[in-house]
Amino acid sequence: VQLQASGGGLVQPGGSLRLACVVSGSTNMHGMAWFRQAPGKEREIVAAIERRISATYYPDSLKGRFSITTDNAKNTVYLQAPRLTPDDTAVYYCAAGRAFSRLASDYDYWGQGTLVTVSS
């Protein structure tokens, strides 16, 4: 199973984010998620999705700011956010597993990470 993330880069404060993660090599990665790790901080979950029914999970601290969606025909999961702040600067990782979960330990496969820097 391979995950290829894309869409990171430099974003101005107040700008938008759209990350994509393409999963290949398996048809039963039903749970996918985005995590992020900011400099000097622990990795945290941003959003998760159950791809068959599009059930989603967001932590309370980020609810309403990020949106996770899936296009199963393209084997791609997206993460979007309309208004970023410098606190959103982090390496963003996509992850895939057989189950829908908010726990990093439940995901078997991880992408390489894509850096998002929010700065003017």
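Strand β7 (residues 67-71) and β8 run antiparallel, with five bridges joining them. Keep in mind that this is a predicted model. The two strands make a hairpin with four residues between them, and Asn75 in that turn has a positive phi of about 55°. From here, the notes move through the rest of the strand pairing, the nonpolar cores, a cluster of rings and one histidine.

- Is β8 enclosed or open to the outside? Five of its six residues are buried, so the strand is largely enclosed by the rest of the structure.

**β1 and β3**

- β3 takes part in another antiparallel pairing, this one with β1, and five bridges join the two.

**The nonpolar cores**

- The largest nonpolar core has 28 residues.
- Which residues have the most contacts inside that core? They are Leu17, Met32, Trp34, Phe66, Leu79, Tyr92 and Val116.
- At least two residues of this core come from each of β1 (2-6), β3 (17-24), β4 (31-37), β5 (44-50), β8 (76-81), β9 (90-97) and β11 (114-118).
- There is also a second, separate core of six residues, including Ala33, Ile45, Ala95 and Tyr107.

**The ring cluster**

- Searching the whole structure turns up two aromatic pairs.
- Phe35 and Tyr107 make up an edge-to-face pair, with 5.9 Å centre to centre and 75° between the planes.
- That pair ties together distant parts of the chain: Phe35 sits in strand β4 and Tyr107 in the loop between β9 and β10 (109-110), 72 residues apart.
- Both Phe35 and Tyr107 are buried.
- Phe35 and Trp110 have ring centres 5.0 Å apart and planes at 45°, so this pair counts as tilted.
- Here too, distant parts of the chain are linked, with Phe35 in strand β4 and Trp110 in strand β10, 75 residues apart.
- Put together, the ring pairs link Phe35, Tyr107 and Trp110 into a cluster.

**His30**

- Where is His30 found? His30 lies in the loop between β3 and β4.
- With a relative accessible area of 19%, His30 is buried, because the cut-off for that label is under 20%.
- Setting aside neighbours within four places in sequence, His30 is in contact with Ile49, Glu50, Arg51, Arg52, Gly97 and Arg98.

Methods. Residues are numbered from 1 along each chain as its sequence is written. This is a predicted model: local features need pLDDT of at least 70, side-chain atom pairs count only at pLDDT 80 or more; totals for chains, interfaces and linings use all residues. Side-chain values use heavy atoms; hydrogens and water are left out. A nonpolar core is a set of buried Ala, Val, Leu, Ile, Met, Phe, Trp, Tyr and Cys residues joined through side-chain atoms within 4.5 Å. Buried means under 20% relative accessible area, exposed over 50%, partly exposed in between (1.4 Å probe, protein chains only). Rings of Phe, Tyr and Trp (its six-membered ring) pair if their centres lie within 6.5 Å; planes under 30 degrees apart count as stacked, over 60 as edge-to-face and the rest as tilted. Two strands pair if DSSP finds at least two bridges between them. Contact means heavy atoms within 4.5 Å.
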